[in-house]
Amino acid sequence: LFRIAEHWKLRDNDTRALLGGMSSGSFYALKGRGVKALAEDQLTRISLVVGIYKALNILYSQKLADAWITLPNTNPMFAGNSPLNYLKSGGIPAFLRVRQLLDVRRGGR
């Protein structure tokens, strides 16, 4: 997750939001390689982020794949906002919709 956040140039607050609003203390303990058990919700979110990352790298060049998450998007799903904002506000259902969108674009189901 942290490597993906680096590729996407996410701020720590954005990464915390993707994890479902993890507290700063827990986040920095996890980021510092501290042992921390993650909740099922957080593991699901991480799994979906990894899938989104992989799909983007199949669909686009490295540069666009890394920028896509933060760029304004004209797809009606995003209403002109970035996919990142959509994910942060929509919870796991938004993660699933973005993953499905990208899978369809690359010819998967």
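**Side-chain packing and pairing in the predicted model**

Leaving aside neighbours within four places in sequence, Trp-8 is in contact (heavy atoms within 4.5 Å) with Val-49, Ile-52, Tyr-53, Leu-56, Ala-65, Asp-66, Ile-69 and Thr-70. The structure is a predicted model, in which local features need pLDDT of at least 70 and side-chain atom pairs count only at pLDDT 80 or more, while totals for chains, interfaces and linings use all residues. Residues are numbered from 1 along each chain as its sequence is written, and side-chain values use heavy atoms, with hydrogens and water left out.

Trp-8 has a relative accessible area of 2% and is therefore buried (buried means under 20% relative accessible area, exposed over 50%, and partly exposed in between, with a 1.4 Å probe and protein chains only). Trp-8 is also listed with Ile-52, Ile-69, Leu-87 and Val-98 as the residues with the most contacts inside the largest nonpolar core, which has 23 residues. A nonpolar core is a set of buried Ala, Val, Leu, Ile, Met, Phe, Trp, Tyr and Cys residues joined through side-chain atoms within 4.5 Å. Two or more residues of this core come from each of α1, α4 and α6, and the largest share, eight residues, is from α6. Helices here are DSSP runs of H or I with at least four residues, strands are runs of E with at least two, and both are numbered from the N terminus. A second, separate core has six residues, among them Phe-2, Leu-19, Met-22 and Ile-46. In soluble globular proteins, nonpolar side chains tend to be buried together.

Five aromatic pairs were found in a search of the whole structure. Rings of Phe, Tyr and Trp (its six-membered ring) pair if their centres lie within 6.5 Å; planes under 30 degrees apart count as stacked, over 60 as edge-to-face and the rest as tilted. The pair of Trp-8 and Tyr-53 is tilted, because the ring centres are 6.2 Å apart and the planes are at 55°. This pair links distant parts of the chain, 45 residues apart: Trp-8 is in the loop between α1 (2-7) and α2 (12-18), and Tyr-53 is in helix α4 (residues 40-59). Tyr-53 is buried, at 17% relative accessibility. An edge-to-face pair is formed by Phe-27 and Tyr-28, with 5.2 Å from centre to centre and 80° between the planes. Phe-27 is buried, with a relative accessible area of 0%, whereas Tyr-28 is partly exposed, with 42%. Phe-2, Phe-27 and Tyr-28 are linked into a cluster by ring pairs.

Side chains of opposite charge can pair when their charged atoms come close. The search of the whole structure gave six salt bridges, each a side-chain nitrogen of Lys or Arg within 4 Å of a carboxyl oxygen of Asp or Glu. In the salt bridge of Lys-31 with Asp-12, the closest N and O atoms are 2.7 Å apart. Lys-31 is in helix α3 (residues 24-31) and Asp-12 in helix α2, so this pair ties together parts that are 19 residues apart in sequence. Both residues are partly exposed, Lys-31 with a relative accessible area of 35% and Asp-12 with 22%. A salt bridge also joins Lys-88 and Asp-14, with the closest N and O atoms 2.6 Å apart. Because Lys-88 lies in helix α6 (residues 83-105) and Asp-14 in helix α2, the parts tied together are 74 residues apart in sequence. Lys-88 is partly exposed at 32%, and Asp-14 is buried at 7%.

Asp-41 forms a salt bridge with Arg-45, in which the closest N and O atoms are 2.8 Å apart. These two residues are four apart in helix α4, so about one helical turn separates them. Asp-41 is partly exposed, at 34% relative accessibility, and Arg-45 is buried, at 10%. Salt bridges with shared partners join Arg-11, Asp-14 and Lys-88 into one network.

Asp-103, in helix α6, is buried at 9% relative accessibility. The side chains of Asp-103 and Arg-106 are joined by a polar contact of 3.3 Å. A polar contact is a pair of N or O atoms within 3.5 Å; within protein, one must be able to donate a hydrogen and the other to accept it, and residues adjacent in sequence count only if both atoms are side-chain atoms.

Lys-9, which is not a glycine, has a positive phi of about 55°. Lys-9 is in the loop between α1 and α2 and is exposed, at 71% relative accessibility.
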